[in-house]
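Subject: The structure we talked about

Hi there,

Have a look at it first, then read on.

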Amino acid sequence: MSLLSKEKKAELTKKFGKTATDTGNPAVQVAFLTERISELAPHFKVHEHDYHSNRGLMKMIGQRRSLLKFLQRKNEVEYQKVIKELGLRK
């Protein structure tokens, strides 16, 4: 399981959060999950049959989708900003 470094978390929190310590913000959570998902992509190119890790990846994708739905419902402007910045929803 790849975890984000403190520096990367701080950078994402500063970029998407309201304050430097606002890690609970849904936009920040989506950014964390997107970063972790993108870090796992090369692993699956090499290990195609790693089904256990694939399950974790699917759970992260589902969690991100739920957070994005919540964000879209509660704050459409922030939702649009997040998907544009992270390159989601082409």
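A word on contacts before anything else: two residues are in contact when they have heavy atoms within 4.5 Å of each other. Please keep in mind that this is a predicted model, in which local features need pLDDT of at least 70, side-chain atom pairs count only at pLDDT 80 or more, and totals for chains, interfaces and linings use all residues. Residues are numbered from 1 along each chain as its sequence is written, and side-chain values use heavy atoms, with hydrogens and water left out.

The overall picture

The protein chain has four helices and zero strands, where helices (H or I, at least four residues) and strands (E, at least two) are DSSP runs numbered from the N terminus. Read from the N terminus, the order of elements is α-α-α-α. Along the principal axes, the C-alpha atoms fill a box of roughly 40 × 30 × 20 Å.

Of the 90 residues in the protein chain, 33% count as buried; buried means under 20% relative accessible area, exposed means over 50%, and partly exposed lies in between (1.4 Å probe, protein chains only). The protein chain exposes about 6,400 Å², with carbon and sulfur atoms supplying 54% of that area. These areas come from the Shrake-Rupley method with a 1.4 Å probe, and for residues only the protein chains shown count as cover. Among contacts with a separation of 6 or more, 50% are between residues 24 or more positions apart.

On charge, the protein chain carries 19 positive and 10 negative side chains, and the centres of the two sets lie 6 Å apart. Here Lys and Arg count as positive and Asp and Glu as negative, while His and the chain ends are not counted. Each charge is placed at NZ of Lys, CZ of Arg, CG of Asp or CD of Glu.

The salt bridges

How many salt bridges does the structure hold? There are three, each being a side-chain nitrogen of Lys or Arg within 4 Å of a carboxyl oxygen of Asp or Glu.

Start at Lys8, which forms a salt bridge with Glu11, the closest N and O atoms being 3.6 Å apart. Lys8 and Glu11 sit three residues apart in helix H1 (residues 6-16), so about one helical turn separates them. Lys8 is partly exposed at 23% relative accessibility, and Glu11 is partly exposed as well, at 46%.

Lys8 also meets Glu35 in a salt bridge, at 4.0 Å from N to O. This pair links distant parts of the chain, with Lys8 in helix H1 and Glu35 in helix H2 (residues 26-46), 27 residues apart. Glu35 is partly exposed, with 21% relative accessibility.

Glu85 and Lys15 form a salt bridge too, with their closest N and O atoms 3.3 Å apart. Again distant parts of the chain are linked: Glu85 is in helix H4 (residues 76-86) and Lys15 in helix H1, 70 residues apart. Both are partly exposed, Glu85 at 43% and Lys15 at 44%. Through shared partners, salt bridges join Lys8, Glu11 and Glu35 into one network.

Helix H3 and a buried arginine

Helix H3 (residues 51-74) has 24 residues, so at 1.5 Å a residue it should span 34 Å; its end C-alpha atoms are 35 Å apart, which agrees. The expected span is 1.5 Å times one less than the number of residues. In H3, Leu57, Met60, Arg64, Leu67, Leu68 and Leu71 are buried, and the buried residues of H3 pack against H2 and H4.

Asn75 lies in the loop between H3 and H4 and is partly exposed at 30% relative accessibility. From C-alpha to C-alpha, Asn75 and Met60 are 22 Å apart in space and 15 residues apart in sequence.

Best wishes
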